[in-house]
Number of protein chains: 2
Amino acid sequence: MKNVLIVKGHFIYTKTPERFEVYESSCLVSVDGKVEGIYPVIPDRFKGCPVHDYGNRLVIPGFVDLHLHAAQFFQSGIGMTKQLLDWLSDYTFDLEREFQNRKFAREAYTCFAEKLVACGTLRACIFASSSTAGTEELFEVLKEKRIGAYVGKVNMDRNAPDFIIETTEESLRGTKYLIEKYQGENRVKPIITPRFAPTSTPELLKGLGDLAVKYDLPVQSHLSENMDEIRWVQDLFKGAKNYSDVYFKNNLFGQTKTVMAHGIYLDDDEKALVKKMDLMLAHCPDSNINVRSGIMPVRTYLDMGIKIGLGSDIAGGHKIGLNEAMVRAIQLSKLLNLENDKLKPLTVSEAFYMGTKSGGSFFGKIGSFEKKFCFDALVLEDDPMIAQRYSLEDRLEKFIYAGDDRNICARYVEGKKL
Amino acid sequence: MKNVLIVKGHFIYTKTPERFEVYESSCLVSVDGKVEGIYPVIPDRFKGCPVHDYGNRLVIPGFVDLHLHAAQFFQSGIGMTKQLLDWLSDYTFDLEREFQNRKFAREAYTCFAEKLVACGTLRACIFASSSTAGTEELFEVLKEKRIGAYVGKVNMDRNAPDFIIETTEESLRGTKYLIEKYQGENRVKPIITPRFAPTSTPELLKGLGDLAVKYDLPVQSHLSENMDEIRWVQDLFKGAKNYSDVYFKNNLFGQTKTVMAHGIYLDDDEKALVKKMDLMLAHCPDSNINVRSGIMPVRTYLDMGIKIGLGSDIAGGHKIGLNEAMVRAIQLSKLLNLENDKLKPLTVSEAFYMGTKSGGSFFGKIGSFEKKFCFDALVLEDDPMIAQRYSLEDRLEKFIYAGDDRNICARYVEGKKL
């Protein structure tokens, strides 16, 4: 007998970026964790199956966060007067060091995971720290939470304090250990994670690319976030054509599925390569302005057909709720529009699409309520005064702009209530 | 016998924008609602007085919101794809109309006031709606909440839908009625509030200026928010030198104390006039980007000695917590800095100063813990993991960036706990 669940409520999701699909007072049928369909009434063949009735509440796909650092969670909103490289050395590395202690790692990652899930993120691409033991704790914590994630031990073998870098061999050995331990896991899986080019020797990058190809694993890293960083990469990797090329040459740029955070200052060759290799870019708007990196030219990239999802980038970004990233992405696109009216601002549905179906595509059929998609969902509770006055789309917009975890009253991953 | 209260905790405030004053584990003595001093231990003469001991918690001045629309609270975060003038006609006016109904007004203003106070705003300059009866309800609701506020019936006698404009005489008569009823009140007081130049006839502006001067009342309105609006003002008021001059000629521009929201696109004459007339500008960063108005050149204005406070601008802004306005002001200043590195980004203490002492100066001795200032305060509760790791300033920064009303565990206005 199949595992059937029927959820009743108002369903909103984005099949395409241009518009919301809205199903008022409907019944979604989930079979074995996958969406079977959305119907006006329960089809005869599903009569008698369990029903979760949410009445006048909205049901939307769970959020997908394509870029955040679990080990920086405590630091969210601290040290925000610094620019990227100073911020790392003055605040971040000291905190990341503590994750070598399993007990601390377990406790801190539990705080992180609870808030992440509370805020509605049900799939995420996560950087842990350079500690293999600490990263193991993160795998375990996330498995307990039952959300989906790619988790990366952060690989660094130079240009960071001694207390958090490893030798090339240690870094690769720890990565391999985690791959072999967690590769078979269902929802929490390993991802190859060089921190970024400047903290990696060419040998480390090569070793990581080899692992990605050998085990057919996805890759995540940082790309072209900041002009100082780009110049630093050019100095360190003299033979490379550009920043992207450093990863590309090492099988870390789309040879297996790859998500790169930021990508603000890509040159034309890099944009073409991103597109050709079918990369996913993680747009992290709060982080980009907090550490004064700049604004990603999202509309330009979208027009070129580049795939973009959203990242909270905890702790360059200060808010873990992905709805905040949607709002900031829209706000920054409006600023670009004020400078150049050909660059149309992002709409609410476009930002929502980026934070659900587009980001979700990195995980598979995730982030939509179309047939065969995993039933990952959030149930939203809003004020009765709002619910009675406004349309379903307005109510969703209000949650995105002004809501928080208190407005999420239930969460589902693959058809199971968390 | 005087009314003495002693509060123990860590005190942080800004005497000047440049830096935080930090008093670790100290005792603040409030006498008759005013700060007497902050001491390492309770002075002998105050021994035996009541003590509220907040241990390891931070105590900061209450927030001062210089610009928001109480009647738009329900609309926060809705209709954000529109620009200013469309947003008003498509969403705002219909909602404001409902405040002609006293029962609705009481209910909606109660929701508004509860959230405002929860989020830490203890003084505010508030636009109600054009309804005299509705505005009366707002006075009553705020008096019950015991916070301080200037409340304005919104004056409009043209260029808005018939159902919310009044005749010039009705608008002035209702304003006068509220002035005479509430002028003697202690903390919730009337303020002259033309919505903005375009919805006022010259006769209405003149009548309002006369009332301001006659009763020595403060004035609030909107100024130079958007280029279309500026052109509209030029068309409507042919004889005026510029937008500011329309208000100035009518005694609505500093002849009594005046706060103007936005002021993004001031020409040199206007800037000089703003400074000369000692105006306060309310910077509303979220609103300015949501409705695509632009970015106020805050650093330039500050360097000229123009006074600036912060406004949430509910519902052009979508977040009522003034800490969000501080963050967005910093973020936007960082974007201006990326374009021109001579424009230094706002620091955390500068943004905090704008949202406490600078805005507070519009109300009197408000927004600081210096001697003789009203003891308006918020007590912050943070996670023990954060409290043990970070400095007091870091903990405050974290609250500003990543906190919300759940982190405020007590509120004081003029020495009394709410």
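1. Helices α2 and α3 of chain A. In this predicted model, the axes of helix α2 (residues 102-118) of chain A and helix α3 (residues 132-145) of chain A come within 9 Å and cross at roughly 40 degrees. Axes are lines fitted to C-alpha atoms, for helices over the stretch in contact, and angles run from 0 to 180 degrees between N-to-C directions. Helices (H or I, at least four residues) and strands (E, at least two) are DSSP runs, numbered from the N terminus. Residues of α2(A), including Tyr109(A) and Phe112(A), meet residues of α3(A), including Leu138(A) and Val141(A); contact means heavy atoms within 4.5 Å. By class, this contact of α2(A) with α3(A) has nine nonpolar, two polar and eight charged residues. Ala, Val, Leu, Ile, Met, Phe, Trp, Tyr, Cys and Pro count as nonpolar, Asp, Glu, Lys and Arg as charged, and the others, Gly among them, as polar.

2. The interface of chains A and B. Chain B and chain A each give 49 residues to their contact. The area buried between them is about 4,200 Å², with 55% from carbon and sulfur atoms; buried area is the accessible area (1.4 Å probe) that two parts lose on being put together, summed over both. Eight salt bridges are counted between chain B and chain A, a salt bridge being a side-chain nitrogen of Lys or Arg within 4 Å of a carboxyl oxygen of Asp or Glu. One salt bridge joins Arg406(B) to Asp404(A), with the closest N and O atoms 3.7 Å apart.

3. A salt bridge within chain B. Over all chains, the count comes to 72 salt bridges. Lys181(B) forms one with Glu136(B), the closest N and O atoms being 2.8 Å apart. The pair links distant parts of the chain, 45 residues apart: Lys181(B) is in helix α4 (residues 168-182) of chain B and Glu136(B) in helix α3 (residues 132-145) of chain B.

4. Backbone points to inspect. Most residues other than glycine have a negative phi, and most peptide bonds are trans. The peptide bond from Ile314(A) to Ala315(A) is cis, with omega near 5 degrees, and Ala315(A) lies in the loop between β12 (307-310) and α11 (322-339) of chain A. In chain B, a cis peptide bond joins Ile314(B) and Ala315(B), with omega about 5 degrees. Ser25(A), not a glycine, has a positive phi of about 35 degrees and is found in strand β2 (residues 19-31) of chain A.

5. Conventions. Residues are numbered from 1 along each chain as its sequence is written, and chains are lettered from A and ligands numbered from 1 in the order in which they are written. For this predicted model, local features need pLDDT of at least 70, side-chain atom pairs count only at pLDDT 80 or more, and totals for chains, interfaces and linings use all residues, while side-chain values use heavy atoms, with hydrogens and water left out.
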